[in-house]
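Subject: Structure for your files

Hello,

Here is the structure I said I would pass on. My notes on it follow below.

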Amino acid sequence: MSLIINNLSVKLDHTKILKDLNLEVKSGEYLALLGPSGSGKTTFLKTLAGLIEKAEGDILLNQTSIMKKPSHSRPVSVVFQDLRLFPHYNVKENIAFPMKLKKMKDKEIDERVSSLLNDVRLQGFQASPIHKLSGGQQQRVALARALATEPQVLLLDEPFSGLDEPLRREMGQLVHNLHVKKNLVTILVTHDKREAVQFADRIAFLHNGDLVQIDCPKNVFDHPENEYVGNFFGQLNRLKVIEESRKDWLDMDANVKVKDYIGKKIFVRPIRVDVKKERKESSSNLILPAQLTHFIEYPEYVDLKFQLINSSEQWSVNILHQSLKDYKVGENYWLYVNHEDIVSFE
Ligand SMILES: Nc1ncnc2c1ncn2[C@@H]1O[C@H](COP(=O)(O)OP(=O)(O)O)[C@@H](O)[C@H]1O
Ligand SMILES: [Mg+2]
């Protein structure tokens with residue numbers, strides 16, 4: 001199974017919402033689609049599912065274009081954020097609905113409903129009215145209904161965003177298990193970075209209708225395409241444009257390619273900074289003098305706040321709680337950054 005998207009563009013109300021998107025999703029791939037609100041994520045999923053008529057470009061499933069196929073004959077299912085369950089139908093009637101449209105036999109429908117309820121761990125819920133179910137259970141029904149026609153591509157538009165954290169984790173795991181079991185191509189729209197990083201083989205980042213980066217989670221974190229993507233994935237320490245005249249105080253070893261960064265802003269993740277009391281020679285580090293001004297203790301880590309000396313910038317360094325005893329507010333330290341942990345953009 002392969003899904004190839006070529007030069008896909010969508011114009012709504014004379015505005016280009018999706019701009020020449022190109023994407024090749026591999027067989028069995030789980031892709032997280034990220035991007036700010038209004039970037040075109042829902043429009044993209046709807047276009048794949050055939051719910052937007054005025055699309056240009058091509059969508060190929062197994063080397064065959066599905067662009068001209070109507071929504072119901074594409075092997076693509078969507079679970080929307082609002083689920084869109086039929087409130088007056090019970091669980092079985094909801095799940096059976098797309099199978100009835102396909103004119104499947106009653107016996108086959110019964111069997112498949114049972115098997116799907118088993119998949120989403122709602123055994124025996126056939127006759128339950130939708131309004132009697134919890135939010136998490138309703139999501140399972142929506143998921144079962146999406147899988148009822150045995151799609152090859154499953155699209156999920158932030159379906160778990162209304163759930164509390166433990167339930168969201170559980171649903172994420174359930175979807176991933178089903179993704180593997182049914183050998184699907186899955187595209188999950190989420191704004192939860194952890195959810196994206198946890199399950200996705202790759203992350204596609206959409207911004208203003210452009211796919212600005214498609215890469216594995218680690219690369220998006222360590223090598224974001226631009227400052228916007230970088231900040232979306234968590235805090236970045238920044239250092240203003242390095243000028244020729246600032247080379248010296250930067251203390252970057254002459255052997256290190258400081259020239260690479262002249263004229264650029266550079267960024268460093270708070271977990272990629274090492275703090276030392278003593279200044280040591282190092283040929284592979286950016287070394288910055290800084291004063292510890294305060295720190296914030298989070299349940300998982302401590303965020304040390306430093307004022308860079310010779311610069312107006314403030315930097316964060318994330319450490320584990322047990323290391324906190326090594327630090328004193330008001331004292332000066334040296335911040336070390338490995339050359340390969342420096343992020344810079346043109
Ligand atoms: N039917 C429509 N007609 C005109 N503009 C639309 C329509 N649907 C969405 N848009 C616009 O397209 C942009 C992308 O919307 P959407 O795909 O919903 O983004 P996202 O899901 O990333 O929040 C938004 O600026 C939105 O206002
Ligand atoms: Mg949306």
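What share of the residues in the protein chain is buried? The figure is 32% of 346 residues. Please keep in mind that this is a predicted model.

On the overall layout, the protein chain contains 18 strands and nine helices. Its C-alpha atoms fill a box of roughly 75 × 45 × 35 Å along the principal axes. If one takes the contacts between residues at least 6 apart in sequence, 66% of them join residues at least 24 apart.

The part I looked at in detail is an open sheet of six strands. The strand order is β6-β7-β8-β3-β9-β10, and the pairing is mixed. β6 (76-79) and β10 (210-215) are at the edges; each has a single partner strand, so one side of each is left without a neighbour in the sheet. On average, neighbouring strands here are turned by 20° against each other, with direction ignored.

Within this sheet, strands β7 (residues 153-157) and β8 (residues 185-189) run parallel and are joined by five bridges.

Regards

Conventions. Residues numbered from 1 in each chain as written. Chains lettered and ligands numbered in written order. Predicted model: local features only at pLDDT ≥ 70, side-chain atom pairs only at ≥ 80, totals over all residues. Helix = DSSP H or I, 4+ residues; strand = E, 2+ residues; numbered from the N terminus. Buried ≥ 20, exposed ≤ 12 C-beta atoms within 10 Å, placed from the backbone. Contact = placed C-beta atoms within 7 Å. Pairing = 2+ DSSP bridges. Axes fitted to C-alpha atoms, helices over the stretch in contact; angles between N-to-C directions.
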